[in-house]
Amino acid sequence: MHELGIAESILNAIRLKSGELAGASITAVGLRIGVLSNIVDESLRFAFEVISKDTEFAGIKLDIENCPVLIECLDCGKRNTVVEYRFSCEGCGSGRVKVIQGYELEIAYMEIESGFPERRSPN
Amino acid sequence: MTEKIPVNQKLLSENDLIAARLREKFRQKGIIVLNLVSSPGSGKTTLLEKTIGALKDKYRLALIAGDVQTENDADRLIRAGGSIVRPIVTGGACHLDARMIERSLESIDLDKVDLLFIENVGNLVCPAGFDLGENMKVVLMSTTEGDDKPLKYPAMFRKASVVVINKIDLLGLSDFDLASARRNAREINADLIFFEISCRDGRGLDTWFGWLTSLIEKSGNR
């Protein structure tokens with residue numbers, strides 16, 4: 001729900017990375033966003049658009065990989081995806097489950113477009 | 001020439017960073033912090049009034065009460081006997097955030113606090129996304145609401161540790177079914193602790209006070 005704050009973190013990360021590169025520009029940022037992070041893709045894109053608008057980073061694409069919620073049953077060991085926040089094992093019905101995927105909120109990669117083969121190493 | 005460079009960097013909002021700072025501070029001071037959330041009108045302020053009455057002579061309570069407008073809730077808590085009470089008027093924000101809490105704490109000597117209650121803005125959506133550095137989120141719901149509440153606000157019930165069902169004196173006057181409410185909440189989060197209370201007639205309150213007492217005693221601050 002705090003997409004604006006996340007968009008700012010993304011922009012800061014882009015700024016930092018961009019400072020390490022010479023003669024190359026960032027064209028896209030790959031994000032991994034778990035369902036449990038409660039970040040809405042559209043809202044994030046909009047927030048990012050707004051804050052990057054009059055900067056050199058306007059137009060950078062956000063590639064979003066949505067990670068579904070995966071749980072592992074602590075009683076029978078079965079893993080299943082969670083639909084609609086019903087956290088119970090599909091195998092034995094137990095509510096004793098561990099969330100193994102779903103809280104992700106991270107930058108997976110950045111796509112760089114360069115006209116030159118070499119780039120300044122980060123130091 | 002396009003190149004994909006791996007980054008694998010977690011994104012933390014400014015709020016998460018401040019909340020982590022607060023959590024560490026609370027831990028160092030041995031303070032229990034409870035973030036009380038609910039829909040508007042479930043009875044947060046009344047529950048805190050009763051809690052102040054029961055615990056103020058034994059333990060040192062601090063309360064932060066947030067609302068979009070007015071300091072009415074904070075005023076009620078002071079009248080109920082709260083000696084350390086701070087209002088937060090957000091002026092528009094539908095939730096409290098860690099920065100607001102940090103600012104409120106500037107005028108509180110945390111060495112003189114055993115238990116801090118944060119009464120959040122009445123809202124079951126947005127507060128789920130804003131960590132305040134608390135030990136637990138306590139969700140309050142009442143028997144004059146739908147018993148499918150947990151299914152409609154799953155993120156909040158998933159993040160909560162405790163559900164307090166209030167207004168049990170009004171059971172039977174609506175279609176609210178206690179067993180359904182508990183079942184729905186457990187479907188979202190099987191680890192929830194439940195309390196069933198009536199702030200009006202006092203039923204269930206002793207159990208609630210007893211649980212709070214055990215939390216404080218276990219924190220080793222005494």
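Mentor: Two strands pair if DSSP finds at least two bridges between them; strands (E, at least two residues) and helices (H or I, at least four) are DSSP runs, numbered from the N terminus. This is a predicted model, where local features need pLDDT of at least 70, side-chain atom pairs count only at pLDDT 80 or more, and totals for chains, interfaces and linings use all residues. Residues are numbered from 1 along each chain as its sequence is written, while chains are lettered from A and ligands numbered from 1 in the order in which they are written.

Trainee: Which element gives the largest share of the side of chain A that touches chain B?

Mentor: Let's start with contact: C-beta atoms, placed from the backbone, lie within 7 Å. By this rule, 24 residues of chain A are in contact with 27 residues of chain B. The largest share, ten residues, comes from β6(A).

Trainee: In β1(B), which residue is the bridge partner of Met110(A)?

Mentor: β6(A) pairs in the antiparallel sense with β1 (residues 2-10) of chain B, over seven bridges. Within β1(B), the bridge partner of Met110(A) is Ile5(B).

Trainee: Why is one side of β2(A) and of β1(B) left without a neighbour in the sheet?

Mentor: Follow the order of this open sheet of four strands: β2(A)-β1(A)-β6(A)-β1(B). β2(A) (61-67) and β1(B) stand at the edges, so each has a single partner strand.

Trainee: How many bridges join β1(A) to β6(A)?

Mentor: These strands run antiparallel, with β1(A) covering residues 24-34. Ser25(A), for instance, stands opposite Glu113(A) in β6(A). The number of bridges joining β1(A) to β6(A) is nine.

Technical notes. Contact = placed C-beta atoms within 7 Å.
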